[in-house]
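Subject: Structure for you to look at

Hello,

Here is the structure I said I would pass on. Please open it beside this email and follow along.

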Amino acid sequence: MTGGWVYIMTNGAHGTLYIGVTAKLPARVLAHREGRGSEFCKEHNLTRLVHCEWYDSMNEAITREKQMKAWKRQWKLKLIRRDNPDWNDLFETINA
């Protein structure tokens, strides 16, 4: 099994958040942007990648995803602000 990404999508700074896990981050983010990623992302227009973390194993990534999903919203916002204070869309940096 290969590694995986944990990522957070949003519709704007401090907007609705979606946490997911994938082996192929650029393809997954593109799917979200095109409305094919998840119904939740499609419904809330979550097209901006604001946080991502790489793990060497998919099991580690899934464990981290579950951990983050259990967090309070403020903890998630603090993580994003720490690593991406301007809430920039990181898609271009991971797709380069």
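Below are the notes on what was found, starting with the conventions.

This is a predicted model, in which local features need pLDDT of at least 70, side-chain atom pairs count only at pLDDT 80 or more, and totals for chains, interfaces and linings use all residues. Residues are numbered from 1 along each chain as its sequence is written, and side-chain values use heavy atoms, with hydrogens and water left out.

The sheet

Helices (H or I, at least four residues) and strands (E, at least two) are DSSP runs, numbered from the N terminus. Two strands pair if DSSP finds at least two bridges between them. Three strands form an open sheet here, in the order S2-S1-S3, and the pairing is antiparallel. S2 (17-22) and S3 (48-55) are the edge strands, each pairing on one side only. From one strand to the next the twist averages 20°; axes are lines fitted to C-alpha atoms, for helices over the stretch in contact, and angles run from 0 to 180 degrees between N-to-C directions. S1 (residues 4-10) is joined to S2 by 6 bridges. Thr-10 has Leu-17 of S2 as its bridge partner.

Helix H3

Contact means heavy atoms within 4.5 Å. H3 (residues 58-70) lies across S1, S2 and S3, and runs at about 165° to S2. The expected span of a helix is 1.5 Å times one less than its number of residues. For the 13 residues of H3 this gives 18 Å, which agrees with its end C-alpha atoms being 18 Å apart.

Buried means under 20% relative accessible area, exposed over 50%, and partly exposed in between (1.4 Å probe, protein chains only). Which residues of H3 are buried? They are Met-58, Ala-61, Arg-64, Glu-65 and Met-68. These residues cover an arc of only 120° around the axis, so they sit on the same side of H3; the arc is that of the directions from the helix axis to the C-beta atoms. An α-helix has 3.6 residues a turn, so residues three or four places apart point the same way. The buried residues of H3 pack against S1, S2, S3 and helix H4 (73-83). Asn-59, Thr-63, Lys-66 and Ala-70 are exposed, on the face of H3 turned away from its buried side.

Helix H1

H1 (residues 25-33) has Leu-25, Val-29, Ala-31 and His-32 buried. Their arc is 155° seen down the axis, so they line one face of H1. Among the elements covering them are S1, S2, S3, helix H2 (39-44) and helix H5 (91-94). Just after H1 comes Gly-35, with a positive phi of about 80°.

His-51 is in strand S3. Is His-51 buried or exposed? Its relative accessible area is 3%, so His-51 counts as buried. Its side chain makes a polar contact of 2.7 Å with the side chain of Glu-53. Leaving out residues up to four places away in sequence, His-51 touches several others, including Val-6, Met-68 and Leu-90.

Asn-11 is in the loop between S1 and S2. At 38% relative accessibility, Asn-11 is partly exposed. The Asn-11 side chain reaches the backbone nitrogen of Thr-16 at 3.1 Å and the backbone oxygen of His-44 at 3.2 Å.

Regards

How values were computed. A polar contact is a pair of N or O atoms within 3.5 Å; within protein, one must be able to donate a hydrogen and the other to accept it, and residues adjacent in sequence count only if both atoms are side-chain atoms.
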